[in-house]
Amino acid sequence: MVSREDPVSGITRRQLVRRGIVGSLLFAAAGATAAFWWPTRRRRPRPGLRVLDEREAAILSAVADTVLAIEPGVPSADAVDVVGRVDALLARSPGDVQREFARLLHLFENGTTGLITATGWTSFTAAAPASREARLRAWQTSRISLFRTGFQAMKRLCGACYYSSPVSWAAIGYPGPPDLA
């Protein structure tokens with residue numbers, strides 16, 4: 001039998017496959033462990049969500065609180081109901097978009113993702129505020145395009161839903177749209 005050893009690395013194809021399988025199993029075990037030890041901290045969502053479930057709403061609420069960095073005295077993301085407004089937008093989107101956004105939230109929440117980005121291995125909702133900011137920053141500047149795109153999607157959705165609400169206009173000095181009548 002001929003060994004197909006790579007002359008540069010010195011490992012065979014079989015050894016490479018074994019290492020890949022072992023590495024995948026280790027990542028899966030780390031993800032399951034992180035999800036077990038640091039489950040999503042749930043908040044009671046407002047009634048009437050059509051697309052997001054309770055866990056996804058809690059993740060998005062934590063993302064909105066962190067990414068918007070709202071100052072004291074200004075309506076919070078919860079007061080503006082950013083989660084409900086994002087849910088309403090998603091309800092008008094195709095099913096594929098709804099499922100992909102839910103997967104994005106679950107990926108972002110998982111502790112393994114924090115391990116990959118070197119920002120801790122707790123879930124996002126269970127992490128301290130500094131760790132949350134670090135994870136968002138890591139996704140924003142990541143070499144992995146999925147993370148950068150996911151960060152932009154979450155940031156832009158939260159920002160658009162927050163600043164388009166009349167509840168936030170007075171706090172940012174926007175008088176509202178002009179009366180054209």
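Let's start at I144, which sits in the loop between α7 (129-140) and α8 (145-163); helices here are DSSP runs of H or I with at least four residues, numbered from the N terminus. This is a predicted model, where local features need pLDDT of at least 70, side-chain atom pairs count only at pLDDT 80 or more, and totals for chains, interfaces and linings use all residues. Residues are numbered from 1 along each chain as its sequence is written, and side-chain values use heavy atoms, leaving out hydrogens and water.

How accessible is I144? Its relative accessibility is 39%, so I144 counts as partly exposed (buried means under 20% relative accessible area, exposed over 50%, partly exposed in between, with a 1.4 Å probe and protein chains only).

Another loop, between α6 (111-116) and α7, holds T119. T119 counts as buried because its relative accessibility is 12%. Leaving aside residues up to four places away in sequence, T119 touches G114, S131, A134, R135 and A138, where contact means heavy atoms within 4.5 Å.

Now follow α8 to its meeting with α4. On the α4 side are V82, R85, V86 and L89, which meet L157, C158, C161 and Y162 in α8. The axes of α4 (residues 82-91) and α8 come within 9 Å and cross at roughly 110°; axes are lines fitted to C-alpha atoms, for helices over the stretch in contact, with angles from 0 to 180 degrees between N-to-C directions. The two helices, α4 and α8, are therefore roughly perpendicular to each other, a term for angles of 65 to 115 degrees.

Finally, look at P7, in the segment before α1 (13-37). P7 is exposed, with a relative accessible area of 76%.

How values were computed
Parallel < 35°, antiparallel > 145°, perpendicular 65-115°, else oblique.
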